[in-house]
Structure formats: C-alpha cells, structure tokens
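Me: I'd like to go through this model with you before I set anything up. Could you take my questions as they come?

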Amino acid sequence: MASTACFVIVSKNDIPIYEAEVGTAPRKEEVAYQHQFILHAALDIVQDLAWTTSAMFLKSVDRFNDLVVSVYVTAGHTRLMLLHDSRNEDGIKSFFQEVHELYIKTLLNPLYLPGSRITSSHFDTKVRALARKYL
Amino acid sequence: MIGVGKAKQYGNVLDKPLSRGRQEVSLSAFAFLFSELVQYNQTQVDNIAELERRLEDAGYAVGARVLELLCHRDKGNRRETRLLGILSFIHSTVWKVLFGKVADSLEKGTEHEDEYMISEKELLVNRFISVPKDMGAFNCGAFVAGIVRGVLDGAGFPAVVTAHFVPIEGQQRPRTTILIKFAEEVLRREARLG
C-alpha cells in the first residue's frame, strides 16, 4: 500500500538539517513543497508543546487533510518531524528512537558542528532503511 | 600492535553501538591534553579574557554533546523542562560522568533571583595547573564553565556561566565556584510554567 511520508530533522535554531521523502508512494514535485510547508507550520505548535512535558515522543501534534505530523524532541531541542498518512504509532516511535541514536552518533563527531546540515550518505542510507523497516 | 583488538570491526561509525564503553580515562593523559590545549590557546591570544573565552568555547562543544548523550543513556529519554531539574542534572549526572563524583554543592544566589552556584573544592581540570601572579584572576575552570553553558544552552536555558576562585579560611588552595546567571526569558518561562 503506497504511503506518503516526509521526514525532516530541524535543529534548535529552526533550521532544517536533514530531510528525506521516505514514503513508498512515487515522488511528486508539487507535493514535496507542500510537505515542507506543513512541517514548518507545525514548528510553532511543537515549541509550545515541548515545554509542557518531559517526554521525548510527542505523538501527533498537527493535522492537514489526512496527513498527520508526528514529532520527537531530543534533549538538545532538535526536532525529528514526520509527516505521514499511516496510523502506525508504535512503528513511528521505534523509527524515531532509532534515528535519535543515529543522530547522537553523528553529533559525537567532534568535527560536526551542531546545527549544521547532515551530509553523510551513510546516514541517509540508514535512515531510509529504517523507514522501510518501521513505516 | 596498534589496531589489532578483539572488538568487532565496524565499517562506519554509525554502525557502532552507543554502549557505555570504558568508564575510565587516564587522568595523566587528560592532564597532558588539557595543558596542551591551554598552552596552544595562550600562543593564539593577546589577553586573558580572550584566553578564557576560547577555553569556554571548547567546553561549550563538549557540553552540547554531553547533554544529548547523557539524556539518552542515563535518563531513559526524558528531557528536562524545569530549572531545578536541569541544574540537578548538571550537578549530579554530568559531574559524575565527567569527573567521577557529584559536585560538592549547588546553591542559589542570595542577591539575585537568577544566579546559581556550583562549588567544587578542587576542579579536576585545575588539579595540575598553577596560575602565575601576573595572570590575575584567570581560571582554567573556564573550560568547565563552558561545558555547563553548553548543557544549559542546548536544553533551552540560556545563561552566562563563569568560573571563580573563592578563598576559604583554613585552606591553602581556594575553592572554585561556577557561577550561573540565567537569561530573562528563562525566569519568565519558569514563572509561566508555575
């Protein structure tokens, strides 16, 4: 079953540092811009919500038509945001946790400037593999 | 031989597990490395304030990483959203992982609402350092102040953090105090959260 899913990592300063279309549906150009727009619009809601709870997984914070935005906030206020149309909450939570570990390993690199773009192709490959596995 | 070990060889660092690893690092190795860091920075700057700022920036990078790693490893993915929470996180968890013991004390400043102090009888980084008289109030604890600032900044509590020597009667070496002064927005948010 084809599913749309757009995954973005937004740093503390509201700058996207990684993005990937990880859905199984064929990619369409016009829709990609709309996905980015929806995710950016959800940032405000995430910011307010993040201070009300000490959990990292914030479940779904916003909706647009039939697309849902789920967010996972790390300790350093880096937001892992997923725009999707499926309802598989456990799968999404596991996906976020795995990507969080990958992010920490990237961060531990002393030559990586926190808040800069993640350009490693290995990181990209692993995220896509995780998306296929959990989403 | 260098490079030959019993550990499994991983192709890429992203494949290695985020395990606890070895808890201990050689103190002498760290002391040498830290002294080299200070000496290198001394050659690059003209005055003491600049030197302190550079050490702080080095610590800031460490703090940002330590925050993420420890929240994931030691706190089971719980974030800190309150002021006292993040301060006790630094005072116990961060100090324990970095220096092997919790900090000596955590106090709230009496004159101002936004000041807190973490005190340590002898900072590990200062153990093998003696500051010449002509450098005045310079404190290599600026590195630790940078670590604390990195942790606070990363967690969303911007603050100005400095390290000071506080002479104590009856002891030869002065105590070191890390002074944390939070920004306005932190206090406002704390008041709002109730």
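**A buried histidine and its surroundings**

Me: Is His100(A) buried or exposed?
Reply: His100(A) is buried, because its relative accessible area is 0%. Please keep in mind throughout that this is a predicted model.

Me: Where does His100(A) lie?
Reply: His100(A) belongs to helix α2 of chain A, which covers residues 89-107.

Me: And what does His100(A) touch, leaving out residues up to four places away in sequence?
Reply: Within chain A, His100(A) touches Met56(A), Tyr72(A), Thr74(A) and Leu80(A), and from chain B it touches Glu68(B), His72(B) and Asn77(B).

Me: Which side chain makes a polar contact with that of His100(A)?
Reply: The side chain of Tyr72(A) does, in a polar contact of 3.2 Å.

Me: Staying in chain A, where is Tyr18(A) found, and is Tyr18(A) buried or exposed?
Reply: Tyr18(A) sits in strand β2 of chain A, residues 16-21. With a relative accessibility of 4%, Tyr18(A) falls under the 20% limit and therefore counts as buried.

Me: What surrounds Tyr18(A), again without residues up to four places away?
Reply: Tyr18(A) touches Phe7(A), Val8(A), Ile9(A), Ile118(A), Phe123(A), Asp124(A) and Val127(A). With Asp124(A) there is also a polar contact between the two side chains, at 2.5 Å.

Me: How far apart are Tyr18(A) and Lys28(A)?
Reply: They are 10 residues apart in sequence, and their C-alpha atoms are 19 Å apart in space.

Me: Changing topic to chain B, how many helices and strands does chain B have?
Reply: Chain B has 5 helices and 4 strands, and read along the sequence they follow the pattern α-α-α-β-β-α-β-β-α.

Me: What does the C-alpha trace of chain B span, and what percentage of the residues count as buried?
Reply: Along its principal axes the C-alpha trace of chain B spans about 55 × 45 × 35 Å, and of the 194 residues of the chain 40% count as buried. As for contacts in chain B with a separation of 6 or more, residues 24 or more positions apart account for 59% of them.

Me: Which residues of helix α5 of chain B are buried?
Reply: In α5(B), residues 184-193, the buried residues are Val186(B), Arg189(B) and Glu190(B). Seen down the helix axis, the buried residues of α5(B) fall within an arc of 105°, so they line one face of the helix.

Me: Why would residues three or four places apart point the same way?
Reply: They do so because an α-helix has 3.6 residues a turn.

Me: What do the buried residues of α5(B) pack against, and what is exposed on the other side?
Reply: The buried residues pack against α3 (83-99) and β4 (175-182) of chain B, while Glu184(B), Arg188(B), Ala191(B) and Arg192(B) are exposed on the other side of the helix. Just after α5(B) comes Gly194(B), which takes a positive phi of about 80°.

Me: Where is Val102(B) found, and what does Val102(B) touch?
Reply: Val102(B) is in the loop of chain B between α3 and β1, the latter being residues 105-108. Not counting residues up to four places away in sequence, Val102(B) touches His91(B), Ser92(B), Trp95(B) and Lys96(B). Its relative accessible area is 38%, so Val102(B) is partly exposed.

Me: On to pockets: what volume does the largest pocket have, and which residues lie nearest its centre?
Reply: The largest pocket has a volume of about 1,400 Å³. Its lining is made up of 35 residues, and those nearest the centre are Val25(B), Val62(B), Val66(B), Val97(B) and Leu98(B).

Me: Which helix supplies the largest share of that lining?
Reply: That is α2(B), with 8 residues. At least two lining residues come from each of α1 (27-44), α2 (48-73), α3 and α4 (142-155) of chain B, and by class the lining divides into 23 nonpolar, 5 polar and 7 charged residues.

Me: How many cavities of 30 Å³ or more are there?
Reply: The count comes to 1 cavity, and the largest cavity has a volume of about 40 Å³.

Me: Which residues line the largest cavity?
Reply: From chain A the lining has Ala75(A) and His77(A), and from chain B it has Leu67(B), Cys71(B), Arg79(B), Glu80(B), Ile86(B) and Ala155(B). These lining residues divide into 5 nonpolar, 1 polar and 2 charged.

How values were computed
Residues are numbered from 1 along each chain as its sequence is written. Chains are lettered from A and ligands numbered from 1 in the order in which they are written. This is a predicted model: local features need pLDDT of at least 70, side-chain atom pairs count only at pLDDT 80 or more; totals for chains, interfaces and linings use all residues. Side-chain values use heavy atoms; hydrogens and water are left out. Buried means under 20% relative accessible area, exposed over 50%, partly exposed in between (1.4 Å probe, protein chains only). A polar contact is a pair of N or O atoms within 3.5 Å; within protein, one must be able to donate a hydrogen and the other to accept it, and residues adjacent in sequence count only if both atoms are side-chain atoms. Contact means heavy atoms within 4.5 Å. The arc is that of the directions from the helix axis to the C-beta atoms. On a 1 Å grid over the protein atoms alone, a cavity is a set of points where a 1.4 Å probe fits but cannot get out, and a pocket is an open set with protein on both sides within 12 Å along at least five of seven lines; lining residues have an atom within 4 Å of a point. Grid points are joined across faces, edges and corners, and a volume is the space filled by probe spheres set on the points. Ala, Val, Leu, Ile, Met, Phe, Trp, Tyr, Cys and Pro count as nonpolar, Asp, Glu, Lys and Arg as charged, and the others, Gly among them, as polar.
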